[in-house]
Amino acid sequence: MASDSESAELGRFLRARRTGTSPRHVGLTPGPGIRRTPGLRREELATLAGISIDYYVRLERGKETRPSPAVLDALARALRMDDQEHHHLRELAARAARYTPEPPPAPSRSVAPHLKLLLGSLRPYPAYVISRSMDLLAWNPGGLALYAGIADWPATQRNLARYFFLHPAARDLFTDWEQQITGCVSRLRAVAGTAPDAPDLTRLVGELLLKSPEFAGLWERYEVTRRKPATKTFHHPQVGTVTLTSQVLHVEATPGQRIGVYTAEPGTPEHDALLLLDMTAPRPAHASS
C-alpha cells in the first residue's frame, strides 16, 4: 500500500490544477450566480473526464490510489495539462500505488573530485554543483560570486531557493525576479511531489513557507511546469549588467545533482565582465578552484 503522504500528494496536485483552471479555459460557460469554488467544480471535472463524481472525490481525498492510465490521461486532457504536468501526474499516481515501507535515502551531498576539477577548468565561466533541493554543493570562484551576497552566508546555508526568497540582494540582482521565483518553486514542487517525505526538501520548504509570503503563495498553486530561459540577465553590483547563456547538466553518477554553467561569447563585454568577476571573487578554502 502507499504511504498517506504519497496518496495525499496526488490529491493535492489534482485539486490545485482543478481550482487553477477556469471553466472558460476548458470550453464551459459558467452559469449565473456566484461560484464559491475557484476554478472548476469537482462535478464539472469529473464530467469532462468521463468518470463518476464519487470516484474523482476519492482521488482528490487520497482514498483512491490506483487510477488507471486511461483515467489519468482523461484527467490530463480535461485539465489541459502540458507534457510536464501530465508526466508529473503519472509519477504521482505510480508512487501512490506502490508499496513504500520506508522513504528512500536522501541523495549524496558529496561532490566527486573529478567534478570539482571540471568546475575549475570552466573558469572564467561561473559554474557550480547543486543538489535536488537547490543547495550549492561546490563551485568555482565566479559560480559563487555571481549570486551577489550569498558568500556572506555559511556554506551550509547556501541554497538558491533560500537566496531567491530571503536574501535582500536577490530582487535587485535579477531583472525578472518574479519569473525566477516561479521557476524555482516549480522545480521544488516537481521534486517534492515524488519525494514528499524527503528531509532535505521538507526542511527547506517548511522554512520558506514560514519566512516568505511569496513562496507560500506560489507553493499553494502547485505548478510543476519548468520553462528555463536560455539566457539570464544579472544586475551585478561588481561587474554591472550582464546577459549570460545558462546550461544545466545532470550528473550521471550521482542522482539529484546538477551542474549549472553560465557562458558568454569571448570578446564581448559580458565575457570581460566574467573575467573580472573570476579574478576578483574571494577564494575560500572549501570552494572549488
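This is a predicted model: local features need pLDDT of at least 70, side-chain atom pairs count only at pLDDT 80 or more; totals for chains, interfaces and linings use all residues.
How are helix 2 and helix 3 oriented to each other: roughly parallel or roughly perpendicular? Residues are numbered from 1 along each chain as its sequence is written, and side-chain values use heavy atoms, with hydrogens and water left out.

Start with the whole protein. Its secondary structure comes to 13 helices and 5 strands. Helices (H or I, at least four residues) and strands (E, at least two) are DSSP runs, numbered from the N terminus. The protein has 289 residues, and 50% of them count as buried. Buried means under 20% relative accessible area, exposed means over 50%, and partly exposed lies in between (1.4 Å probe, protein chains only). The protein exposes about 14,500 Å². Carbon and sulfur atoms supply 53% of that area. Accessible areas come from the Shrake-Rupley method with a 1.4 Å probe; for residues, only the protein chains shown count as cover. Now take the contacts with a separation of 6 or more: residues 24 or more positions apart account for 60% of them. Contact means heavy atoms within 4.5 Å.

Back to the opening question. Two packed helices are described by the angle between their axes and the distance between the axes. Axes are lines fitted to C-alpha atoms, for helices over the stretch in contact, and angles run from 0 to 180 degrees between N-to-C directions. Helix 2 covers residues 42-49 and helix 3 covers residues 53-60. Their axes come within 9 Å and cross at roughly 110°. Helix 2 and helix 3 are therefore roughly perpendicular to each other. The cut-offs are these: under 35 degrees is roughly parallel, over 145 roughly antiparallel, 65 to 115 roughly perpendicular, and the rest oblique. On the helix 2 side, Arg42, Glu43, Leu45 and Ala46 make the contact; they meet Ile53, Tyr56, Val57 and Glu60 in helix 3. These residues divide into 5 nonpolar, no polar and 3 charged. Here Ala, Val, Leu, Ile, Met, Phe, Trp, Tyr, Cys and Pro count as nonpolar, Asp, Glu, Lys and Arg as charged, and the others, Gly among them, as polar.

A second pair is helix 5 and helix 10 (residues 177-194). They pack at an angle of about 25°, with their axes 9 Å apart. That makes helix 5 roughly parallel to helix 10. His88, Glu91, Leu92 and Arg95 of helix 5 make the contact with Arg189, Ala190, Gly193 and Thr194 of helix 10. This contact divides into 2 nonpolar, 3 polar and 3 charged residues.

Next, look at single residues. Arg17 lies in helix 1 (residues 4-19). Arg17 is buried, with a relative accessible area of 10%. Beyond its neighbours within four places in sequence, Arg17 is in contact with Leu79, Met81, Glu85, Arg221, Tyr222 and Glu223.

Finally, turn to the loops. Arg80 sits between helix 4 (69-78) and helix 5 (83-97). Its phi is near 55°, a positive value in a residue other than glycine. Arg80 is partly exposed, at 46% relative accessible area. Met134 is in the loop between strand 1 and strand 2 (136-139). Phi of Met134 is near 75°, also positive in a residue other than glycine. Met134 is buried, with a relative accessible area of 3%. Pro124 is in the loop between helix 6 (113-121) and strand 1 (127-130). A cis peptide bond joins Arg123 to Pro124, with omega about 10°.
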